[in-house]
Amino acid sequence: MKKVILKAEKLCKSFANDGYQNHVLDNLELSLYEGDFTVIMGSSGSGKSTLLYSLSAMDAPTSGKVCYMDKEITGLAEKELAQFRAKEFGFVFQQVHLVSNLSLLENVLVPGYTDKDKSAKEVKQRAMELMVKMNIVDAKDRLPSQVSGGEAQRAAIARAVINEPGLLFADEPTGALNRKNTEEVLSLLSDINNNGQSILMVTHDVRAALRGNRLIYLEDGKICGEMELPPYDEKNVKEREIQVNSWLSAMHW
Amino acid sequence: MRQAFTIIKGNLRKNKGSYISVAILMFVVSFSLVGVLSIMLNTSGRDKELIEKAGFGHIFTAIKAVKVADYDAFCDEIVAGLESCDDVERVDKVPSVFMDIVDLNGQSSSNSVMVLDYKSEYVHYNIYDEKDKLIEQPVINPGEISVPISFRTLFNCKIGDVITLVYDGKEYEYKIISYMEDPYMGSSLVGMKTVLMNEMDIVKIVEESESKHTTTVLSIFRKSSSTMNDVEFEAELNRKTSFSAYSWFALSRSQAYGYMTMLTDIFSGILIGFVAMLVVATLIVLSHNISNSIEHDYANIGILKAVGVSDGRLKNTIMLGYLIMAFIGALIGMIAAFPLIGIVNKLIRPAIGIVVDNTPQLVMGGLSLLAIFVVLALFIRLKLGKVSRITPVMAIRDNKKDVHFSSIFKLPISKKCLGFSLAYRQFITGKKQYVSAIIVNAILVMFMAMISNMCMWFGNGGENLEKMFSLVNYDIRVYANTNEQLQDIDSIIKEHTEAERLMFGSRYVLMNDIQIWCGVIDSPDRINNVYEGRTCLYDNEVLITEYVAENFGIGIGDSVEIKLGNHSEEFIVSGFYQLSNDLGKNITITEGGFKKLVDEYKVNAYCYILEDTSVIGDIAASISAKYDEAEAGVSEYDAFDGMDVIIMAINGIAVLVYVIAAVFVMVTVIMVCSKLFSKEKRDYGIFKSIGYTSARLRRQFALRFVFVAVFGAVVGIILTLIFSDLVIGSIFEMFGMANFTASLHISAAVLPILFMSLIYYVSAYTVSRKIKKVTPRVLIVE
């Protein structure tokens with residue numbers, strides 16, 4: 001029996017536009033499990049990004065609640081939310097969002113330094129291990145403007161996992177990368193998931209979706225379908241691709 | 001036209017914050033400039049007008065109560081001599097008595113008061129009630145007195161108080177019923193004062209006196225056809241008559257005017273200097289703002305060029321936008337200065353002693369602002385040169401990213417001081433953004449440090465200022481009728497403590513035919529502030545001030561002729577010293593030198609420097625137990641009466657400078673921050689996504705501005721070290737002090753740094769409240 005780490009109950013999100021209410025999420029129920037690589041797919045405007053913000057407490061839902069490890073996070077004060085983000089959640093974005101005047105290593109170190117339980121030496125050691133693992137150790141002292149998009153996104157992933165978060169949110173992490181860099185980043189995500197990191201990724205790229213072991217299809221703010229897959233293995237990618245594509249066809253993708 | 005208007009409207013809408021900031025900066029400049037100019041020009045205009053209206057001659061002098069059989073006939077003889085001079089139009093004889101203030105609210109004064117009949121046919125003073133309302137037909141009954149407005153500060157007096165005056169050893173009490181406006185000697189800086197009484201009281205004083213006659217004050221008028229100035233006129237009279245031998249003070253109109261307007265001139269000078277600095281600071285902020293706006297609107301400029309808007313039109317419209325806002329700010333500042341003029345005039349009235357008009361000097365203020373606008377327009381036009389280099393293609397293709405270069409000042413990010421090191425990194429990698437704020441801070445800190453240093457140099461009790469107004473420092477001064485009594489007092493003092501005795505006095509003499517205050521001292525090595533050459537050691541040597549050197553065209557080693565009565569001697573200038581008596585128009589000679597100028601030399605006062613100053617009271621008690629006041633007495637060192645006023649004024653100016661600087665910094669920070677904020681919005685999102693709170697980010701943001709403040713302040717302090725003596729020296733020159741040197745007091749340097757750091761921090765923290773609205777959602781591409 002898998003452990004639930006994040007649970008959304010009756011989650012609604014509406015936006016008012018010129019007096020017209022647009023219901024993006026409609027009484028959505030969802031549970032995410034520890035160790036899963038969950039992928040949310042859906043057509044444009046289906047509400048997948050909105051769901052990601054609401055689940056990660058980046059945006060407050062209109063109604064409903066989100067609990068992380070049985071603790072309700074909707075309605076938390078900014079300070080508590082900040083603590084959550086620092087300790088429990090990691091974020092990887094579509095664009096490479098690194099602080100431009102910090103080197104790659106420093107970008108990784110800064111969130112690590114906010115953890116009071118770890119010494120500076122421990123944080124540095126962990127950051128270096130991650131950089132080695134992500135194959136960006138040679139670029140550690142370079143500024144984001146001096147490295148490739150793939151290297152920068154890998155540094156962003158290292159930054160997201162430096163504090164060993166309970167859940168890593170990834171919003172189209174390969175959306176702005178070329179094919180080679182996309183593969184590198186996805187492999188990295190698979191690797192860290194294999195090491196036990198729970199991931200929730202939003203994507204519309206089938207190749208990226210193949211990395212997940214649980215696929216959720218969103219349409220008009222509701223979950224229309226769900227698919228379970230075995231853990232990702234490079235050996236059976238083709239078979240996996242066929243499976244996913246057929247499921248997506250069934251979802252009218 | 002419509003096209004230009006549309007562009008301006010768009011610019012104003014888009015860069016609202018910047019334009020409003022320009023308006024506020026010009027508001028501060030205009031408010032200060034119009035206020036200061038109005039106060040300065042109104043004061044000088046009012047004093048000139050009053051001197052004319054009051055009926056003062058070009059030289060105002062009192063004839064000593066010399067022992068002659070018929071004092072009136074003696075005065076008539078002097079008047080006849082004066083009236084025989086070609087350039088003299090007429091000489092008025094104004095009867096008066098000179099009395100001393102024994103008590104007014106527990107204070108006494110070493111300076112005399114000239115008592116005049118309030119209905120005098122020669123000089124006419126305006127008289128005011130306690131609310132400074134002009135009394136059209138004033139009445140002063142016997143037993144009543146009208147005192148100068150400056151008494152309110154000097155003696156803390158009010159209507160209804162009783163003043164005790166002494167004449168020939170006899171005390172008289174009068175009730176203060178009104179205030180008089182004295183354009184000649186009314187300022188707190190002038191020792192002697194005029195008071196008005198009923199003629200019957202003056203008659204009574206004279207009848208009860210030993211001399212039985214009033215003192216004649218001569219009001220000497222120069223012919224309107226005369227081409228001489230006041231100094232030449234006085235020299236001419238001294239050459240042709242011997243009136244100066246019998247006058248115990250002579251004050252020309254220009255001297256009186258100088259004294260009366262000195263305070264406002266000095267402080268207006270300081271503030272106009274400050275306004276000039278503010279204009280420079282405004283240009284720097286504007287420069288930063290224009291560069292940023294061009295960078296920000298790069299694409300828009302390109303698009304406008306692509307649709308056919310010419311370079312010149314673009315530049316003109318951008319410039320017009322700035323000028324419109326600057327004009328609005330300046331206009332509001334000008335209007336806001338109106339009530340300020342009234343408030344400041346009311347505050348300084350007791351110090352300057354005249355009721356100054358509250359009318360704003362719109363013409364002068366307007367012309368000055370116009371000059372500033374011309375500079376502003378040229379500057380903006382120059383800065384907009386960059387617009388020509390933007391081509392439509394360049395602008396539209398533009399996709400600028402932040403480029404950071406490594407800096408030798410870069411420090412590693414540290415866990416222990418994470419906030420500090422991140423703030424420092426943001427500051428050092430984006431230093432270009434802060435250059436204007438640093439320069440502005442440097443300029444403001446320089447001025448603030450100078451003002452603070454000036455305040456510190458004055459000291460809380462004005463110790464250094466006292467030195468400027470005293471030839472020597474001493475603890476007590478004793479006087480006695482005979483030399484034997486003086487010798488006796490000398491031994492009484494030495495019974496209480498060890499003491500050094502000095503003979504120090506003063507007389508007006510003629511030097512090269514000009515009347516001048518002359519100090520006389522037996523211990524010339526004790527003279528304060530000899531800064532060039534050496535003190536006057538021998539009886540043919542004279543010390544002069546730089547003012548005297550410049551105005552008499554003499555230097556060290558030159559010979560001058562000093563006359564007193566019938567005696568005339570040649571003296572050699574031995575050195576320069578500083579003393580503010582008579583605005584620096586003074587000299588000092590030795591006791592030996594003075595003996596050569598008089599037939600009979602008699603000392604009736606000595607000064608003492610005591611080893612133990614706590615026994616002053618005991619000494620006074622011992623002397624008064626043995627002698628009555630008419631025979632001998634003791635007085636403590638008497639500080640210059642106007643000291644408190646000057647110290648109060650300089651502290652007031654310092655507060656004003658600090659307040660204006662704070663407002664200026666706030667506006668500068670708002671301008672810099674608004675651009676910075678839009679540039680860094682993404683970074684705040686990143687930091688928030690990794691667990692930073694808004695409060696933490698705001699502190700980090702504000703901390704950067706503390707670096708700005710500290711960097712700027714360091715530059716400002718260096719500038720202060722270089723320019724302080726020069727700038728403050730030129731201000732003090734107006735006091736008659738030509739050689740100002742004061743090492744920068746540590747507090748004078750630290751205070752502005754702390755103040756500015758706090759203001760920068762608070763302003764930046766306040767402005768950064770926008771960070772609260774930034775969520776990590778800014779990082780998400782929908």
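This report describes a predicted model, looking at chain B and its contact with chain A.

## Chain B as a whole

Chain B has 782 residues, and 46% of them count as buried. Its secondary structure comprises 22 helices and 21 strands. The C-alpha trace of chain B spans about 110 × 60 × 55 Å along its principal axes.

How do contacts in chain B relate to sequence? Take the contacts between residues at least 6 apart in sequence. Of these, 83% join residues at least 24 apart.

## Domains of chain B

The domain assignment of chain B gives three entries: domain 1 (51-259), domain 2 (409-470 + 641-782) and domain 3 (472-640). Domain 2 is written as two stretches, 409-470 and 641-782. The centres of domain 1 and domain 2 of chain B, taken over C-alpha atoms, are separated by 51 Å.

## Helix 13 of chain B

Helix 13 of chain B runs over residues 418-429, which makes 12 residues.

Several residues of helix 13 of chain B are buried. They are B:Leu422, B:Ala423, B:Tyr424, B:Arg425, B:Gln426, B:Phe427 and B:Thr429.

## A loop residue: B:Leu744

B:Leu744 sits in the loop between helix 21 (694-732) and helix 22 (746-767) of chain B. Is B:Leu744 buried, exposed or partly exposed? It has 18 C-beta neighbours inside 10 Å, so B:Leu744 counts as partly exposed. The cut-off for buried is 20 or more, and the cut-off for exposed is 12 or fewer.

Which residues does B:Leu744 touch, leaving aside its neighbours within four places in sequence? The contacts are B:Ala449, B:Asn453, B:Thr720, B:Leu721, B:Ser724 and B:Ala749. Consider B:Ala449. In sequence, B:Leu744 and B:Ala449 are 295 residues apart. In space, they are 8.4 Å apart, C-alpha to C-alpha.

## Where chain A meets chain B

The contact takes 31 residues from chain A and 26 residues from chain B.

What kinds of residue make up the side of chain A that touches chain B? They divide into 15 nonpolar, nine polar and seven charged.

Terms used
Residues numbered from 1 in each chain as written. Chains lettered and ligands numbered in written order. Predicted model: local features only at pLDDT ≥ 70, side-chain atom pairs only at ≥ 80, totals over all residues. Contact = placed C-beta atoms within 7 Å. Nonpolar A, V, L, I, M, F, W, Y, C, P; charged D, E, K, R; others polar. Helix = DSSP H or I, 4+ residues; strand = E, 2+ residues; numbered from the N terminus. Expected span 1.5 Å × (residues − 1). Domains from an automatic or database assignment.
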